[in-house]
Amino acid sequence: MQELDAFIDKVKHLPPAPRVLPQLMQLLSSDDADATRVVQLIQYDPGLAANVLRASNTTAFAASRRVADLGEAIFRLGFNTVFQLVVAVSAARSLRPAQKAYGMGEGDLWQHSVTSGVAGRLLARMTGNDENIAFTAGLLHDLGKVIIAQVIEDNSFELIRTLEKEGCSLLEAEKRVLGFHHAELGSRLLERWNFPTSVAVAVRFHHMPSAAEPHHRLASIVYLSNFIAYTLGHGYGHNAFAFRSQNTVFSILGLDPKMLEKLVVLTRDEFETIETLFQIKA
Amino acid sequence: MAASPSLIPFDQRVIVGVADMAVSNNPNVVFTTYSLGSCLGISVHDPVARVGGLLHLMLPDSTIDPAKGIANPAMFVDTAVPALLRAAYQLKAERCRLKVCVAGGAQILDDNNFFNIGRRNHEALLRTLERNGLTIHASAVGGQVNRTMMLRVSDGSVTLRISGSKDEVPLCRS
């Protein structure tokens with residue numbers, strides 16, 4: 001952990017901590033969540049407030065009259081959508097830029113992350129898990145790549161050289177070159193930002209979900225979401241498919257492996273219906 | 001009547017999206033499709049009729065969602081390949097002259113897993129082409145990379161760009 005903290009502390013432009021998010025997660029998981037308290041939380045962040053208002057006026061939610069009041073916007077969108085929007089707005093600034101070390105252009109990691117979040121939400125709904133937590137974990141699962149890409153931009157091909165020479169996974173290549181991998185690093189950052197343990201653990205083990213007990217179901221959702229996003233062609237980098245298969249995710253989630261292709265189609269449909277919602281203005 | 005001004009030939013670049021296809025007999029057209037991971041890019045070209053088409057399909061079999069196969073045939077091997085061929089034949093391409101090239105079908109590591117959609121796509125493609133009396137002229141399939149595929153309608157040349165490499169490599173020369 002010291003090694004991870006030392007690496008994180010070395011980064012000059014650390015993504016801004018999403019202060020509102022852990023508080024909002026806590027609020028929405030409590031029984032007395034009401035719109036007034038959600039408004040109180042987000043009204044002082046102009047970026048969040050503007051995006052919530054904009055989303056409430058998109059085609060999917062728009063009524064005849066434009067909404068200009070935050071409380072009404074939250075009422076129209078619903079708590080779940082507001083929450084997912086706040087997660088997305090908070091993460092957009094970090095995930096949008098190009099991550100050259102991984103061969104990702106501007107917007108690539110963002111698109112991969114949003115698609116993973118949407119797939120996570122869908123899988124959570126199907127398997128009786130918390131949609132908001134699954135969306136958050138799916139969206140943030142590659143946060144560690146943002147940190148690594150800032151440090152190793154200059155020798156960006158070292159990871160790929162290692163990976164191709166050794167025939168190993170990206171995770172194994174990172175471990176050899178850096179001593180740790182992006183899943184560990186992202187997870188540590190989420191811990192430092194006071195995210196729920198379940199999200200941090202699922203992110204840490206999103207390439208080996210069976211080791212994530214007691215959060216192995218959430219980690220399995222994130223593993224599958226990551227795979228589905230790649231299958232949809234959303235946000236590739238170099239050697240995007242260089243990761244190990246984890247057949248156990250299906251038994252952990254109680255899903256038939258034959259469902260996989262159907263899940264790809266369902267995620268694509270869901271992504272298309274909410275695409276405009278997540279066209280976030282930074 | 002004044003003569004039409006002569007036009008300097010230019011490349012008309014057409015992007016083919018995921019689960020989409022396009023066919024043309026305009027020699028200026030260069031088709032490009034990005035983000036071929038486990039998806040397959042399939043090009044067809046008839047050098048005599050000068051007809052070319054490019055398809056970017058996602059999944060092997062429309063029986064998982066027959067309605068989707070009808071609404072969006074370019075998504076599945078079994079609906080996409082016949083649709084691509086029909087479109088090419090409508091522009092006077094002939095089966096005996098068609099050159100078929102294939103790229104994509106990436107796989108995650110480890111064989112024998114539930115996630116081998118890339119391989120299942122490729123196997124389904126071979127079966128479908130065989131049923132249609134076609135063989136593959138050139139292919140670059142598998143691995144863990146993502147590919148960009150380009151087809152020039154004028155001469156049928158196909159080039160690939162693999163993520164991580166700056167160069168375009170020929171898959172099929174004119």
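At 15% relative accessibility, Arg188(A) counts as buried, where buried stands for under 20% relative accessible area, exposed for over 50% and partly exposed for anything in between (1.4 Å probe, protein chains only). Arg188(A) sits in helix H12 (residues 182-192) of chain A. Leaving aside residues up to four places away in sequence, Arg188(A) touches Met1(A), Leu4(A), Asp5(A) and Ile8(A); a contact means heavy atoms within 4.5 Å.

Before going on, a word about the model. This is a predicted model, in which local features need pLDDT of at least 70 and side-chain atom pairs count only at pLDDT 80 or more, while totals for chains, interfaces and linings use all residues. Residues are numbered from 1 along each chain as its sequence is written, chains are lettered from A and ligands numbered from 1 in the order in which they are written, and side-chain values use heavy atoms, with hydrogens and water left out.

**The two chains**

Chain A has 16 helices and zero strands; helices (H or I, at least four residues) and strands (E, at least two) are DSSP runs, numbered from the N terminus. Its radius of gyration is 18 Å, close to the 19 Å that the globule rule gives for 282 residues, so chain A is as compact as a globular protein of that length. That radius is taken over C-alpha atoms, and the globule rule is 2.2 Å times the number of residues to the power 0.38.

Chain B is built from three helices and ten strands. Read from the N terminus, its elements follow the order β-β-β-β-β-α-α-β-α-β-β-β-β. For 174 residues, a compact globule would have a radius of gyration near 16 Å, and the 16 Å of chain B agrees with this.

Here are some overall values for each chain, side by side.

| Property | Chain A | Chain B |
|---|---|---|
| Span of C-alpha atoms along principal axes | chain A: about 60 × 45 × 30 Å | chain B: roughly 70 × 35 × 25 Å |
| Buried residues | chain A: 58% of 282 residues | chain B: 51% of 174 residues |
| Accessible surface | chain A: about 11600 Å² | chain B: about 8100 Å² |
| Carbon and sulfur part of that surface | chain A: 50% | chain B: 51% |

The areas come from the Shrake-Rupley method with a 1.4 Å probe, and for residues only the protein chains shown count as cover. Among contacts between residues at least 6 apart in sequence, 67% in chain A join residues at least 24 apart, and the value for chain B is 60%.

As for charge, chain A carries 27 positive and 30 negative side chains, with the centres of the two sets 3 Å apart. In chain B, the mean positions of the 17 positive and 14 negative charges are 4 Å apart. Lys and Arg count as positive and Asp and Glu as negative, without His and the chain ends; the place of a charge is NZ of Lys, CZ of Arg, CG of Asp or CD of Glu.

**Helices with a buried side**

In H3 (residues 35-42), the residues Val38(A), Val39(A) and Ile42(A) are buried. They cover an arc of only 100° around the axis, which puts them on the same side of H3(A); the arc is that of the directions from the helix axis to the C-beta atoms. Their cover includes helix H2 (20-29), helix H4 (46-56), helix H5 (70-77) and helix H6 (79-95) of chain A.

H5(A) has Leu70(A), Ala73(A), Ile74(A) and Leu77(A) as its buried residues. Their arc is only 95° around the axis, which places them on the same side of H5(A). H3, H4 and H6 of chain A are included in what covers them.

**Buried residues towards the end of chain A**

Thr267(A), in helix H16 (residues 260-274) of chain A, is buried with a relative accessible area of 0%. Among the residues that Thr267(A) touches, not counting those up to four places away in sequence, are Thr115(A), Val118(A), Ile228(A) and Leu232(A). Ile252(A) belongs to helix H15 of chain A and is buried too, with a relative accessible area of 17%. The C-alpha atoms of Ile252(A) and Leu218(A) are separated by 9.7 Å, although the two are 34 residues apart along the chain.

**Backbone details**

Most residues other than glycine have a negative phi, and most peptide bonds are trans. A cis peptide bond joins Glu213(A) and Pro214(A), with omega about 5°. Asn239(A) has a positive phi, near 45°, and counts as buried at 5% relative accessibility. In chain B, Arg50(B) has a positive phi of about 55°; Arg50(B) is partly exposed, with a relative accessible area of 44%.
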